[in-house]
Amino acid sequence: MLLLVYVFVAGWFVPLKPGIIQVTPDRGEAGEMLILKVTGYNSSFLADTSLLRAWLRLSGDTVIQAHHVQAWDDRHLSASFYIPSVFPVRQEAYPLALVLDNAVDGASVLPNAVFITPAKEQDASESSLWFKDKIEKVHDKAGIQYPFRNILAETIRNTYFHVPMWFAMIILFGVSAWYSLKYYKTGLIDFDQRSVALIKVGLVFGMLGLVTGMLWAKNTWNAYWSWDVKQNMSAIALLIYAALMVMRSSLEDSMQKARLTAGYNMFAFALLIPLLFIIPRMTDSLHPGNGGNPALGGEDLDNTMRMVFYPAVIGFILLGLWISQLVYRTDKLKGNL
Amino acid sequence: MKLDKSYHISGLFQRRMNLKSKLFLFLMFAVQLVKANGDVAPDFIRSIGKIYVVAGVCLVILITLFIYLVLIDRKISRIEKRQKHE
């Protein structure tokens, strides 16, 4: 309980790092001046205007620096660039990332901020402009904050609420399969009751994971359901378990019920592993880290987030186990009458 | 099996199905509600760095778990009542 209180407090009140929300215009032509209006998030552009700098980055060190940056307020600034008429590489359009830096906020990046179309008249000597400036001496933001990710913005906090639902569901189903195995070995009806209680609560957590995921997806991927592998596979997994409960309620004899449930449950858990862990890793997915390894390492979860994420996972798992204990005890009381 | 007449929708099921069917119905309503919100005011939900998405997710989790616990509580009360009669 304390863990979950901590998770809700820290998950909500630790601020986000500054970031860039919007840049207008989002396209321009090479060989011309480009004045960008930038909207920041949690930013403090006015804090130290002398150190406010902006760059447009093509790749790596291929950047041009803004020759003038004007902050209007803490969240709005204008930056003017001269886009050279010649690029070091040849493409039909050039996506440029915007990099901002100031002493208080530290550096923030917006990838693909503007798209530049090639110039009609090209001056080959301007190519060297791309290598004149460098992004250097960037600042770091002090204090405890969550990273700012484009599109995600504040919804990065959902990592503490949506993801632990699935962790809890998997643990509940796993423990349930363990009790089913025990029932197979001993034939004690008590183990059957325990495993069924765990499945019931696991289903609740799974549905919560699905619903919260859909809500999150609507506002980041623009659809409740985008037929993403992980979405589909988790829905199938839930259906398998739902079918188990339906099958159970259709049987009259409690011994038969218990035996079939135990067998089906172990089979369902064995299916759960490829459905949730193997198939999504084999194809592309909108979920982070698929087609590779999920997000526990690497950039998606920094150390500040880990301090909340792991307690969240443990907290929700314990909550699930506790609720399933309650369900088990009520079912048992009901059965004894 | 006795049918529970006080619950019109879940009364179609046996008594022990009440809990699950209610929960399922609630989730359906929650999705509908969220959907309606998304259609009417996407700008509101996505304002302030989409913080309302986090609020929605937390509310869905808290409300669902709360209702689930209340349902368990009512089940226990029913058992207690029956125990008294015996």
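Within chain B of this predicted model, confidence is highest in helix α3 (residues 47-85), at a mean pLDDT of 88, and lowest in helix α2 (residues 42-45), at a mean of 59. Over chain B as a whole the mean pLDDT is 71, with 45% of the residues reaching 70 or more. One covers residues 1-7, for which the model has twelve contacts beyond four places in sequence. The other covers residues 38-42, for which the model has one contact of that kind. For the complex, the predictor gives an ipTM of 0.76 and a pTM of 0.76.

We can now turn to the place where the two chains meet. The contact draws 41 residues from chain A and 34 residues from chain B. The size of an interface is often given as the accessible area lost when the parts come together. Between chain A and chain B this buried area is about 3600 Å², and carbon and sulfur atoms give 77% of it. Charged pairing across the contact comes to one salt bridge. Its partners are Lys75(B) and Asp331(A), whose closest N and O atoms are 3.0 Å apart. On the side of chain A that touches chain B, the elements giving two or more residues are α1 (2-13), α3 (189-220), α4 (229-250) and α6 (303-336) of chain A. Of these, α3(A) gives the most, with 13 residues. Sorted by class, this side of chain A has 26 nonpolar, eight polar and seven charged residues.

Strand β4(A) runs antiparallel to strand β5 (residues 62-65) of chain A, and four bridges join the two. Trp55(A) has Gln65(A) in β5(A) as its bridge partner. The hairpin of β4(A) and β5(A) has two residues between the strands, and Gly60(A) takes a positive phi there, near 45 degrees. A second hairpin is formed by β6(A) and β7(A), again with two residues between them. Strand β6 (residues 68-73) and strand β7 (residues 76-82) of chain A run antiparallel and are joined by five bridges. Here Gln70(A) stands opposite Ser78(A) in β7(A).

Salt bridges also occur elsewhere, and the count over all chains comes to seven. Side chains of opposite charge can pair when their charged atoms come close. In one such pair, Arg53(A) and Asp101(A) meet at 2.8 Å, N to O. This pair links distant parts of the chain, with Arg53(A) in strand β4 and Asp101(A) in strand β8 (residues 94-102) of chain A, 48 residues apart.

Two details of the backbone of chain A complete the picture. Most residues other than glycine have a negative phi, and most peptide bonds are trans. The peptide bond from Thr24(A) to Pro25(A), however, is cis, with omega near -10 degrees. Pro25(A) lies in the loop between β1 (19-24) and β2 (27-29) of chain A. Asn42(A), a residue other than glycine, has a positive phi near 55 degrees. Its place is in the loop between β3 (33-41) and β4 (53-59) of chain A.

How values were computed. Residues numbered from 1 in each chain as written. Chains lettered and ligands numbered in written order. Predicted model: local features only at pLDDT ≥ 70, side-chain atom pairs only at ≥ 80, totals over all residues. Heavy atoms only, no water. pLDDT = per-residue confidence, 0-100. Contact = heavy atoms within 4.5 Å. Buried area = accessible area lost by both parts, 1.4 Å probe. Salt bridge = Lys/Arg side-chain N within 4 Å of Asp/Glu carboxyl O. Nonpolar A, V, L, I, M, F, W, Y, C, P; charged D, E, K, R; others polar. Pairing = 2+ DSSP bridges.
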